[in-house]
Amino acid sequence: MGAAALGLFLTTAATAPALAQTPTSSPDAAVDGVDAQLLEAMAADLGTDVAGAQDVLRFQADAVGTADEVAAVSGDAFAGTWLDESTRTVYAAATTDAARAAAADAGAVPVAAEHSLDDLEAIAAKIESSPVPDVIPSWWIDVEANDLVVDVVAGGDQAAADFVATLDAPAGAVRLETGAQAPETFATIQGGVAYNINNQSRCSVGFAVQGGFVTAGHCGVAGDSTTYGTFQGSSFPGNDYAWVSTPNHTPVGSVSNYAGGSVAVKGSTAAAVGATVCRSGSTTGWHCGQIQGFNSTVRYAEGSVSGLIRTNVCAEPGDSGGSLLAGNQAQGVTSGGSGNCSTGGTTYFQPVNEILQTYGLRLLTS
């Protein structure tokens, strides 16, 4: 499926990795302050009620610690973790018996893997530095299948296969997925708390930071003026992030719920593959789904963007820059995607902690 850069709103609270808030020991830390609108949207997506959605958030919070411990004890044999929320299970893949035993001791269900995560990321890096044919719009690591997925547009199978052959990747490490659409940026840029850029285009506020807000990089470049301030930094393509200073306005650590209220954000602890996440967007409101992978690369017409979170959450033009949340934890800002919220789609997000770390920003919480 193709990808398209969007343009939208976010206000939330998270900090660079070193400053990200860590869940407290309270059993309700994962659900404290989580907006009712988000819980209802999440419950609808999961086919449960609000209490069930809260249980999933508690499980996700606990799973973060398990996943981190597994990664630490598995070493070079680590091949990734993912969640099964229906059974409250953390799966951990590893390439050696010793690492799988350590994963089990850490509380995860061990899964045998042939390729380590380092190996798959090395293949992705090789693709990144190669002359990639136009028939390949994106690629991402599927930790559950233990391979690197290369998306291919219709009719590009042979060209993609010929390119993959040049990578000298181990057998079974790369999988071609055909039928993708060529990526494009969405022309319509509108969002929750809208702002105009140079009186010519419109995007939406992202997560609130001290002194301003972060948003999608394709919305503007450094020096561009906006309704609330001036772009201080921007990166697109390569990345898709930017930040705007707002000296005469006061950003707050929350996200609009498009129902007359706001969602408080408590931190920016990254969720795992398989975790339920919800996206807030001005065009389509709240929509939920699951994280499918990290470090995804998408090739927009303007150039490639790497390091994205891939999800099966839907989005439409105007949802760009919008917030991705796992409970009350900020995850990323909407970059682009394909499909729509009638038939479903794939959406990619720029991780918020990378934005904060790059610019030395402090995320606002509430």
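Biologist: In S18, which residue is the bridge partner of Cys 278?
Modeller: This model is predicted: local features need pLDDT of at least 70, side-chain atom pairs count only at pLDDT 80 or more, and totals for chains, interfaces and linings use all residues. Residues are numbered from 1 along each chain as its sequence is written, and side-chain values use heavy atoms, leaving out hydrogens and water. S15 (residues 276-281) pairs with S18 (residues 323-326) in the antiparallel sense; strands (E, at least two residues) and helices (H or I, at least four) are DSSP runs numbered from the N terminus. In S18, Cys 278 has as its bridge partner Leu 325.

Biologist: Over how many bridges do S15 and S16 pair?
Modeller: A hairpin of 3 residues joins S15 to S16. Val 277 has Gly 289 as its bridge partner in S16. S16 covers residues 285-300, and the pairing is antiparallel. Pairing takes at least two DSSP bridges; for S15 and S16 the number is 6.

Biologist: How many residues of S15 are buried?
Modeller: Buried means under 20% relative accessible area, exposed over 50%, and partly exposed in between (1.4 Å probe, protein chains only). On one side of S15, Thr 276, Cys 278 and Ser 280 are buried. On the other, Val 277, Arg 279 and Gly 281 are buried. For S15 the count is 6 of 6.

Biologist: At what angle do H1 and H2 pack?
Modeller: H1 spans residues 36-46, H2 residues 50-74, and their axes lie 8 Å apart. H1 is roughly perpendicular to H2, a class that runs from 65 to 115 degrees. The angle is about 90 degrees.

Biologist: Which residues of H2 make the contact with H1?
Modeller: Contact means heavy atoms within 4.5 Å. H1 brings Leu 39, Glu 40, Met 42, Ala 43 and Leu 46. By class, the contact has 8 nonpolar, 2 polar and 1 charged residues. H2 brings Val 50, Ala 53, Gln 54, Val 56, Leu 57 and Gln 60.

Biologist: What is the relative accessible area of Glu 69?
Modeller: Glu 69 sits in helix H2. Its C-alpha atom is 9.6 Å from that of Ala 108, 39 residues apart along the chain. Glu 69 is partly exposed because its relative accessible area is 41%.

Biologist: What share of the protein chain is buried?
Modeller: The chain comes to 6 helices and 20 strands. Among contacts between residues at least 6 apart in sequence, 67% join residues at least 24 apart. Of the 366 residues, the buried share is 56%.

Technical notes. Axes fitted to C-alpha atoms, helices over the stretch in contact; angles between N-to-C directions. Parallel < 35°, antiparallel > 145°, perpendicular 65-115°, else oblique. Nonpolar A, V, L, I, M, F, W, Y, C, P; charged D, E, K, R; others polar.
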